[in-house]
Amino acid sequence: MKNLVLLFSLLFAVNTVKADQMPSWYINVDELDDSVQVGQAILKIDVYPANAKVILTNSRTGEGIKTNKNQSKTEGSYVFELDSGVYDMTIFARGYVSVERKIELKSQHFVEGHANLYEKIQERAIEHVVYKPVVYLYPSESTQISLKVMPVGKFTFTYPKYEGEWLVDANPDGTLKIGDKSYDYLFWEGVQSSYDVPEIVGDCVRGEETVNYLETQLDRYGLNYREKQDFITFWAPKLMQNPFNYIVFLEGEDYNKTVASHDCSYSFDSTIKLYMLYQGLDTEVESRGQVECSVKREGSVYVEWGGGAYDQLIKEDQL
Amino acid sequence: MRVLSVLIIALVAMSVTAKEYMPSYFEVTKRSVMKTGNGKATVKGNILDAHSEKPDIYGDILVTYGETVMTVKTSFELEIDPADTVQITLSSSSYDYESLTIRLYDVKANEAIQLEAYLVMYMVEAEKPVIYLYSDKSMSVDVKLDIKGELKFSYPTYKDGWNVTIEDDGSLSCDGKSYAYLFWDASYKQSDLVAKADEWIVVEKAKVTEFLENYLTNAGFNDREIADFVTYWAPRMMHDNYYRILFLEGADYDRAAPFSSSIKPDQTIRLYMVFEGWQSAKPTDLSKLKQTKVKRLDKGFRYVEWGGSELK
């Protein structure tokens, strides 16, 4: 028997996850074994914790090897007799971080590996980032306006700085003055634990159709070219990375309840509040359309838009 | 029969949702113990780009083994001492590749080891460069960029250039629609943006917003552009205790994305920020920072652009 062993080492540092929280997978032995038939291979896997399960899928045929077939198991140890080839392997246990790897089993080889799963960190409170709500104000005449925003979650960043309120000198052309500085909009960003979405309507949109789709929708909701461009240049590069996105717009009262309400000293003729939730998808799902637009843009206008990713829009069983 | 064993250490970050990511790796292709020799072992390695479509490694690779450091291009040969564990590090002198630590176990005297190292190139996203065009008179202009990286998204759509009319109200007309600015983003090789000798500025988290405001004001940006810049980047610079920041201006920016326009601007202001989260007990003394103050013109044709990249 040759004592050639496939060796490699993968090591890389991670910003946020500590090393001891990562799953690890080692191959201890990968060697030619004359007692194994040509075209076959034996894979032995030791797992921790002992109740961890192993799923192997033949990468070429897609055939899955789950339990009881060609497999013997003693506590914490599996032995598979398999056709040689490349397999997608998943090792998992409830409460632990899964290992997912591709593994190549060469003909007549005996391979022995160890999987060491680590416990998931205490289910962290999931925080959803409320991205970039920006507020534009277009009063009928130049006037001082006090604006209070009450987010469902909390602020993480504001610009200009929010100090119990924003107090601005607003002008009909949309420029906002605070002291000697001028702004086009008021910006905040926040986090909240979930979105209480009233009713899931929405559209499934192909990644490359993102820009056309958003242009059409934002026109419908009455955003002007500047607001529209700010929105599209912020979101399109993110959404276009996904094959599909399920997109839900929340507007008006739904925005107030789900994301943030506001209190403004000036009474605007129309108030447009628009929030986009999206979920990236690999496959297409049925579109159900967006809610009717409740506001017509006219006279003095308040505009606020924001958005965020939310993976609870389409449940797994709907995919 | 002897079996060499022990080998793969895979410490891989697996956040559940993270996309599949292949780090730099290596494969031992041959190990054999010679009958005679000087008692040392030898390692011969080929260095390859892990992306098969780019077989050539870019720039120099530093090979480090103990006190030995050598600069190589595509292969190396080392004499090493037999040991239970031998560690060799490959790193890119241009920062273009993720470095790789090669660990060899149970290295015997007179052993010859051959391996292939696959290095993964870092790609950097050039995010949101936006171009503002101003003119006191309505005018049409062609703007072209020569982007060294790969253009990924543009809005309005970049079609071998933008043909833009600056309207009296300041809006930009392009293909029959109105825009407030021109937008593009791209993917870059790290060394297209960052050179080794560049001077970084280290800023405390709490001072980032104020620092950016001051720096951009001095660089000639107006309130609106500063607000666009700060609201885009500052929320992403609130996580680490310090941030290490590099500004590319003028010729440095042109190195990565030269632009040309059919009418020469009376004033051009371009600023690109490269940054990364940093740990440092020694933030830069910002009061000693030398920055030339740019006087912004309020007439004529003005071209203003900013963008940035976060290194990961």
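Two strands count as paired if DSSP finds at least two bridges between them, and strands themselves are DSSP runs of E with at least two residues, while helices are runs of H or I with at least four residues, both numbered from the N terminus. The model you are looking at is predicted: local features need pLDDT of at least 70, side-chain atom pairs count only at pLDDT 80 or more, and totals for chains, interfaces and linings use all residues. Residues are numbered from 1 along each chain as its sequence is written, with chains lettered from A and ligands numbered from 1 in the order in which they are written.

| Strands | Bridges | Residue pair |
|---|---|---|
| β4 (53-58) and β8 (85-92) of chain A | 6 bridges | Thr57(A) and Asp88(A) |
| β8(A) and β9 (99-105) of chain A | 7 bridges | Thr90(A) and Glu100(A) |
| β2(B) and β9 (111-119) of chain B | 8 bridges | Phe26(B) and Ala117(B) |

In chain B, β2 belongs to an open sheet of 4 strands with mixed pairing, ordered β2-β9-β3-β6. Its edges are β2 (25-33) and β6 (75-80) of chain B, each of which pairs on one side only. On average, neighbouring strands here are turned by 15° against each other, direction ignored; the angles are taken between axes, lines fitted to C-alpha atoms, and run from 0 to 180 degrees between N-to-C directions.

Chain B as a whole has 4 helices and 21 strands. Of its 312 residues, 37% are buried (20 or more other C-beta atoms within 10 Å of a residue's own, with C-beta atoms placed from the backbone; 12 or fewer means exposed, and anything in between partly exposed). Among its contacts (C-beta atoms, placed from the backbone, within 7 Å) with a separation of 6 or more, 77% join residues 24 or more positions apart.

Now for a helix: α2 of chain A (residues 225-239) has 15 residues and reaches 20 Å from first C-alpha to last, close to the 21 Å expected (1.5 Å times one less than the number of residues). At Ile232(A), α2(A) bends by about 30°, the angle between axes fitted to the seven residues ending there and the seven starting there. Ile232(A) is also one of the buried residues of this helix, which include Phe231(A) and Trp235(A).

Finally, the largest nonpolar core has 110 residues, and Leu186(A) and Tyr181(B) are among those with the most contacts inside it. Such a core is a set of buried Ala, Val, Leu, Ile, Met, Phe, Trp, Tyr and Cys residues joined through C-beta atoms within 7 Å. Leaving aside residues up to four places away in sequence, Tyr181(B) touches Val130(B), Ile131(B), Tyr132(B) and Leu172(B).

How values were computed. Two residues are in contact if their C-beta atoms, placed from the backbone, lie within 7 Å.
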